[in-house]
Amino acid sequence: MKVKLVVLTAALGLLAALPVLAHHSFAAEYDSKQPVELKGKVTQVDWTNPHARFYVDVVDASGNVTNWNLELASPNVLKRNGWTRTSLKVGDEITVQGSRAKDGATMANARTVVLADGKKVFAGSAETGQ
Amino acid sequence: MTKHVISSALAAGALGMFVLWAQAPAQLTAPAGGSQNQNKAKKKKGPPEGPTPKLADGHVDLSGVWNGGGPVGDLAQGMPKGEAIPLTPLGLKVMQSRQSKDDPEANCLPTGIPRIAPYPWRIVQTPTHIFFLFEGNIHSFRQIFIDGRKHVADPDPTWYGDSIGSWDGDTMVVDTLGFNDKFWFDFRAHPHTEQLHTIERYTRLNLGQMSVETTIIDPAYYSKPFTVKFMATLRPGEELMEYICQENQQDAQHLQGGADAPSRP
């Protein structure tokens with residue numbers, strides 16, 4: 001029997017894939033009112049707990065490079081949802097959407113990650129009401 | 001009150017979504033297609049159905065890999081509808097003084113009882129011991145002695161306490177004393193003292209569902225004993241994965257504000 005992903009409701013604005021953060025409150029760290037969209041090249045991928053992370057070099061109009069720290073769900077969650085540790089690679093050109101860290105760090109919780117070929121790779125820890 | 005209703009509802013919805021998500025096995029082909037990206041209602045798959053498993057001696061077999069069964073964000077989610085957690089003024093003061101960055105769970109420390117991170121956990125049941133093996137948030141275990149022994153006379157305060165269990169019909173009753181005062185009951189920082197006494201009741205209702213009721217007794221912070229109830233769902237075929245929280249923990253230093261802050265402005 002083919003198993004389908006179950007979604008509770010779209011009305012709450014919750015993502016289809018990835019569950020709540022386990023070890024800290026989303027709202028204490030990230031600001032859903034500060035969405036970011038970043039385009040750049042992946043410089044590092046950490047397939048680690050408590051969050052898989054990847055780092056992106058973002059080049060601004062003046063040519064200045066800022067390295068951003070993007071947070072994903074635990075690799076345990078990503079694996080159970082079909083990701084692998086090579087789903088994202090150093091050198092990939094990507095576009096990330098997410099919510100910025102409240103303290104102003106160049107850090108964000110990644111909601112979506114799109115590769116240069118348009119392939120959408122699941123990302124992020126679902127924004128919750130916590 | 002409204003703030004709590006909203007945040008509780010959202011948290012309950014999120015937890016419910018997680019529980020439903022968690023029913024899907026690992027062979028989802030998320031990388032291949034975009035169809036899972038859409039927030040469409042799909043066929044609901046409940047917990048596995050069947051009778052409560054029993055051991056040869058007639059006792060209930062609690063073994064298996066489970067999801068849920070305890071709070072993550074808000075202990076109050078487990079209260080009966082309309083009932084508030086009976087914090088004393090001192091308990092409320094302690095709770096409101098706490099900062100999110102100091103949540104032990106955010107710092108890769110144990111969650112104690114009854115808080116459970118939304119990762120699978122396995123019950124291993126022997127004639128003398130029950131072990132709860134937690135995948136995360138920290139990769140740790142609890143042990144419950146079910147061989148009839150009494151509590152240790154003067155236990156060193158610990159994160160999970162000294163647990164003794166016995167059967168009350170088909171319900172496993174776990175009595176725990178000897179806690180330290182360090183873990184938080186939830187993100188909102190509900191506190192407790194070293195006098196905390198918990199009584200948990202595990203009732204496997206059928207193959208796939210287990211009711212977990214925890215009575216919390218701690219007079220300095222709670223004016224009367226109160227009971228929270230959560231449901232755990234069986235995850236057949238699931239195996240625990242390793243989860244070493246300390247290997248790359250980067251969040252605690254970025255957490256802002258009081259732990260009891262509203263989840264949304």
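Chain B has two helices and nine strands as its secondary structure, where helices (H or I, at least four residues) and strands (E, at least two) are DSSP runs numbered from the N terminus. Read along the sequence, these elements of chain B follow the pattern α-β-α-β-β-β-β-β-β-β-β. The model is a predicted one, in which local features need pLDDT of at least 70 and side-chain atom pairs count only at pLDDT 80 or more, while totals for chains, interfaces and linings use all residues. Residues are numbered from 1 along each chain as its sequence is written, and chains are lettered from A and ligands numbered from 1 in the order in which they are written.

Chain A comes to two helices and six strands, arranged from the N terminus on as α-β-β-β-α-β-β-β. Of its 130 residues, 52% count as buried, whereas for the 265 residues of chain B the figure is 40%. A residue is called buried if 20 or more other C-beta atoms lie within 10 Å of its own, exposed if 12 or fewer, and partly exposed in between, with C-beta atoms placed from the backbone. Two residues are in contact if their C-beta atoms, placed from the backbone, lie within 7 Å. Among contacts in chain A between residues at least 6 apart in sequence, 56% join residues at least 24 apart; in chain B, under the corresponding condition of at least 6 apart, 65% join residues at least 24 apart.

**Nonpolar cores**

A nonpolar core is a set of buried Ala, Val, Leu, Ile, Met, Phe, Trp, Tyr and Cys residues joined through C-beta atoms within 7 Å. In the largest such core, which has 40 residues, B:W66 and B:W121 touch the most other members. The elements of chain B that give two or more residues to this core are strand 2 (121-125), strand 3 (129-134), strand 6 (171-177), strand 8 (209-217) and strand 9 (226-234), and strand 9 gives the most, with five residues. Leaving aside neighbours within four places in sequence, B:W121 is in contact with B:W66, B:I116, B:F132, B:L133, B:F134 and B:E135. Apart from this core lies another, of 28 residues, among them A:V36, A:F54, A:L70 and A:M107. In soluble globular proteins, nonpolar side chains tend to be buried together.

**Strand pairing in chain A**

Two strands pair if DSSP finds at least two bridges between them.

| Strands of chain A | Sense | Bridges |
|---|---|---|
| Strand 2 (residues 53-59) and strand 3 | antiparallel | seven bridges |
| Strand 3 (residues 65-71) and strand 5 (residues 107-115) | parallel | three bridges |
| Strand 4 (residues 93-101) and strand 5 | antiparallel | seven bridges |

Within these pairings, A:N69 of strand 3 stands opposite A:Y55 and also stands opposite A:M107 in strand 5. A:E71 has A:N109 in strand 5 as its bridge partner, and A:I94 stands opposite A:L115, again in strand 5. The hairpin of strand 2 and strand 3 of chain A has five residues between the strands, and there A:G63 takes a positive phi near 90°. The hairpin of strand 4 and strand 5 of chain A also has five residues between the strands, with A:G104 at a positive phi near 85°.

**Backbone details in the loops**

Most residues other than glycine have a negative phi, and most peptide bonds are trans. The peptide bond from A:N49 to A:P50 is cis, with omega near 0°, and A:P50 is found in the loop between strand 1 (30-46) and strand 2 of chain A. In chain B, the bond from B:I113 to B:P114 is likewise cis, with omega near 0°, and B:P114 sits in the loop between helix 2 (89-97) and strand 2. That loop between helix 2 and strand 2 of chain B also holds B:C108, whose phi is positive, near 65°. B:C108 counts as buried because 20 other C-beta atoms lie within 10 Å.

**Confidence**

The pLDDT is the predictor's confidence in each residue, from 0 to 100. For chain A its mean is 81, and 75% of the residues reach 70 or more. Over residues 1-20 of chain A the pLDDT is below 50, although this stretch has 66 contacts in the model beyond near neighbours in sequence. Where pLDDT is low, the predicted coordinates should not be read in detail.
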